[in-house]
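Take a look at the model below. This report goes through a pocket, a sheet and some ring pairs.

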Amino acid sequence: MDPTLLESLVPVGADVPVPPIARRPAHLVGNTPILWIDEPFAPQGRGFHAKLEGTNPGGIKDRPGLHMIREARRRGDLVPGAPIVESSSGTLGLGLALAGLTYGHPVIVVTDPGMESSMVRLLGALGAHVDQVAAPHPDGGWQQARRERVAELLADAPDAYCPDQYHNPDNTAAYRPMAAELIAQLGRIDVLVASVGTGGHSAGISAGLRKSWPELRLIGVDTVGSTIFGQPAAPRLMRGLGSSIHPSNVDYEAFAEVHWVAPAEAVWACRQLARRHYASGGWSVGAVALVAGWVARTCPVGTRIVAVFPDGPHRYLETVYNDAWCREHDLLGHEPPPEPDEIAEQDECVVTAWTRCSQVRDPLGREAATRQAGVR
């Protein structure tokens, strides 16, 4: 490195904080850094703060993986040494592998053929067993097929425990410490932009932030083809956000608006982040960055915006960052428009590209109290 550049980063004589020494892998989770992101998403001075959850050992879901298992053990729902069985597209699987190592439980991750081969190998290396379903459910798609396989495995092992990330309120509660981190790092926060899959981190972080900043605006980011906000289910390339079921952890009343993003738009954003900021990730990261950039361009100067980046890029080297794979799926050369399309109601049409809606409601009409109580 150029010595003059090094001096500009670490002034001579400055007190450089020394990172703590972790005695266990779980101690590495949390206290993740924040990076300022501006061009090409927003002009200089009008960018957003990206919370880099990919710097956790396995990503953002290390937080609920550890918390859900710790709470299940505390309640007696999970007895010592019993297996943990859960449906996951990947990131929670890493969090549960960490929890299994930390608390001494075997872990079975039920997934589908869409899980990247590198993720399957990584989970195996971390000690988890990967069980893949062969076909999607005719109504609930791959997620419902995975959940039914989880039920079969639980029936065969009476002591086994399923955290049920889609409906477990411990998933949401796991993100309250992250809200405290953000307040300590930034103070005032005006807008939070978060992807929505199980609904855990958008609900948990926003609830924590609103204790200090009641006027916080929460903007959800979904993928085309997802049913969470009332769109019809369709095949989805983008993993890690969206759903073909309706998780009860999604706090619909907390959202000021929702955006749907298409795969080509997320790929463009991921690659811009990597090239311009040396910080990128997968589908959720690209989609969130695209929306957060628009928020930064359209909100008054000085609005403090936080975007949650759930993971890093390594899992996506054979998809998002693979030119051949992206060409095969016609994902290259599609720069997103400067503004999203807009619809008045979540279900007024089928969205196929970046679209926003400022009228957010639960498509199933469930009462808020029922959703927040959750179902274990």
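## The second largest pocket

The second largest pocket has a lining of 31 residues, and those nearest its centre are Gly 54, Asn 56, Pro 57, Gly 58 and His 314. This is a predicted model: local features need pLDDT of at least 70, side-chain atom pairs count only at pLDDT 80 or more, and totals for chains, interfaces and linings use all residues. Residues are numbered from 1 along each chain as its sequence is written, and side-chain values use heavy atoms, with hydrogens and water left out.

Two elements give two or more residues to the lining of the second largest pocket: α3 (91-103) and α4 (117-125). The most comes from α3, with 5 residues. By type, the lining divides into 17 nonpolar, 10 polar and 4 charged residues. (Ala, Val, Leu, Ile, Met, Phe, Trp, Tyr, Cys and Pro count as nonpolar, Asp, Glu, Lys and Arg as charged, and the others, Gly among them, as polar.) The volume of this pocket is about 710 Å³.

How is a pocket found? On a 1 Å grid over the protein atoms alone, a pocket is an open set of points where a 1.4 Å probe fits, with protein on both sides within 12 Å along at least five of seven lines; lining residues have an atom within 4 Å of a point. Grid points are joined across faces, edges and corners, and the volume is the space filled by probe spheres set on the points.

## The sheet

An open sheet of 8 strands runs in the order β1-β2-β9-β6-β7-β8-β11-β10, with mixed pairing. Helices (H or I, at least four residues) and strands (E, at least two) are DSSP runs, numbered from the N terminus. Two strands pair if DSSP finds at least two bridges between them. The edge strands, β1 (34-37) and β10 (341-342), each pair on one side only. Strand β10 runs parallel to β11 (residues 355-357), joined by 2 bridges. There, Asp 341 has Thr 355 in β11 as its bridge partner.

Now take β7. Strand β6 (residues 191-195) runs parallel to β7, with 5 bridges between them. Ser 195 has Val 221 in β7 as its bridge partner. From β6 the chain passes through helix α8 (residues 200-210) to β7, in a right-handed β-α-β crossover. (Right-handed means that, with the strands pointing away from the viewer, the path from the first strand over the helix to the second runs clockwise.) Strand β7 also pairs with β8, parallel, over 6 bridges. Ile 219 stands opposite Glu 257 in β8. Of the 7 residues of β7, 6 are buried, so the strand is largely enclosed by the rest of the structure. (Buried means under 20% relative accessible area, exposed over 50%, partly exposed in between, with a 1.4 Å probe and protein chains only.)

## Aromatic pairs

Rings of Phe, Tyr and Trp (its six-membered ring) pair if their centres lie within 6.5 Å; planes under 30 degrees apart count as stacked, over 60 as edge-to-face and the rest as tilted. The count comes to 6 aromatic pairs. One of them is Phe 229 with Tyr 252, edge-to-face, at 5.6 Å centre to centre and 80° between the planes. Both residues lie in the loop between β7 (217-223) and β8 (255-261), so the pair ties together parts 23 residues apart in sequence. Phe 229 is buried at 0% relative accessible area, and Tyr 252 is buried at 1%.

Phe 229 also pairs with Phe 255: the centres are 5.4 Å apart and the planes at 85°, so this pair is edge-to-face. Phe 255 sits in strand β8 and Phe 229 in the loop between β7 and β8, so the pair ties together parts 26 residues apart in sequence. Phe 255 is buried, at 8%. Elsewhere, ring pairs link Phe 41, Phe 48, Trp 268 and Phe 309 into a cluster.
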